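Open the model in your viewer and get your selection tool ready. We will walk through some charged side chains, pair by pair.

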Amino acid sequence: MKKRIASFAGGFFAVLALSLCLTTALAASGKVSYNFANVALDGGTVIAAGADITAANGQQIPGSILYTDETGGKTNYLPLRKISELLKVEVSYDSAAKTVYLGKQPDKAAQTAEPAAEPAAGENVIDLRIPKEVPKNPRRGDVELIKSRGGTILPDGDVNSYRGNDKMFKDKNGELRWEYKVGNEGILTDLDKRAAEWSIVDGDFPKNKKGESYGSMLLAEYVGYMPDLVQMAEGYVRWDEFDAAGQSLSGMSEEECPHVWTAPLYNEEGEVIGDYQGQCNGHYDFSGKTMEEVRAALERGEYSQR
């Protein structure tokens, strides 16, 4: 059995990140794919894979960009203006100083001639939600429940253990999640509640005969981890396989790309029942072009998704 499914991105952003080196990346030799990933904030999708977003000037622009360098390394980029809106962080640009300001722009008199600090090697993302100081009264969760589901409690005195005023933990798969959401029915949307009717047993994902959990990924924050078998179409997928299959076409040219990818589809017992099939999200080769050249080419319609 093979199922034809609408295009769906293989990967999710674990955290919302801002690039520090987009211009350099696009100008370098490499491959760029648009709208490859969904973007979720606090458990809800805010940018959908395969779809553009509308800029302030009314133009349709990519909701995300996946850059693959010459060595196969992958970096995801998001529109700075969109992220500032989602996180409610003021953003402005000083063309004279060639500086993007996050938060309030400093007074000109207070600025110095010192050059901006360069990011450390390999550091190309910033999570704006990490507080500068440990919150005095952070929002916590049920620590014992989190531990019972394989979660790891993070140090209270480390600012990296928080997002805003919320304490985080690492689930059994090493993913960072919010403490207060685990077992908290108040976070469930109407869609989540409908998924919970068949996907939750005694507050947890049900298990098959092999001891594998299965259910809806919509409930990962509520349960405290992603199930081993994630509901998709009329069956389940193993997320690592699904993610790898979705990203397997990244960086290919239009000529060499098969334009479709498949991942095994399972029943709740972990038995293969067919294939989940998805599509690539177009091909763009901006090798050797500057940002201005790329923008001009897009405006002329020289690049289009297949």
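How many salt bridges does the count come to? A salt bridge here is a side-chain nitrogen of Lys or Arg within 4 Å of a carboxyl oxygen of Asp or Glu, and by this rule the count is 10. The model is predicted, so local features need pLDDT of at least 70 and side-chain atom pairs count only at pLDDT 80 or more, while totals for chains, interfaces and linings use all residues. Residues are numbered from 1 along each chain as its sequence is written, and side-chain values use heavy atoms, with hydrogens and water left out.

Start by selecting Asp204 and Arg149, whose side chains form a salt bridge at 4.0 Å, N to O. Asp204 sits in the loop between α4 (190–199) and β17 (214–215) and Arg149 in the loop between α3 (143–148) and β13 (152–153), so this pair ties together parts 55 residues apart in sequence. Helices (H or I, at least four residues) and strands (E, at least two) are DSSP runs, numbered from the N terminus. Both Asp204 and Arg149 are buried, meaning under 20% relative accessible area with a 1.4 Å probe, protein chains only.

Next, pick Lys167 and Glu179, a salt bridge at 3.7 Å, N to O. Lys167 is in strand β15 (residues 166–170) and Glu179 in the loop between β16 (176–178) and α4, 12 residues apart. Lys167 and Glu179 are both buried.

Finally, select Arg177 and Glu221, which meet at 3.3 Å, N to O. Arg177 belongs to strand β16 and Glu221 to helix α5 (residues 220–223), 44 residues apart. Arg177 is buried at 7% relative accessible area, and Glu221 is buried at 14%.

Key: Buried < 20%, exposed > 50% of the residue type's maximum accessible area, 1.4 Å probe, protein only.
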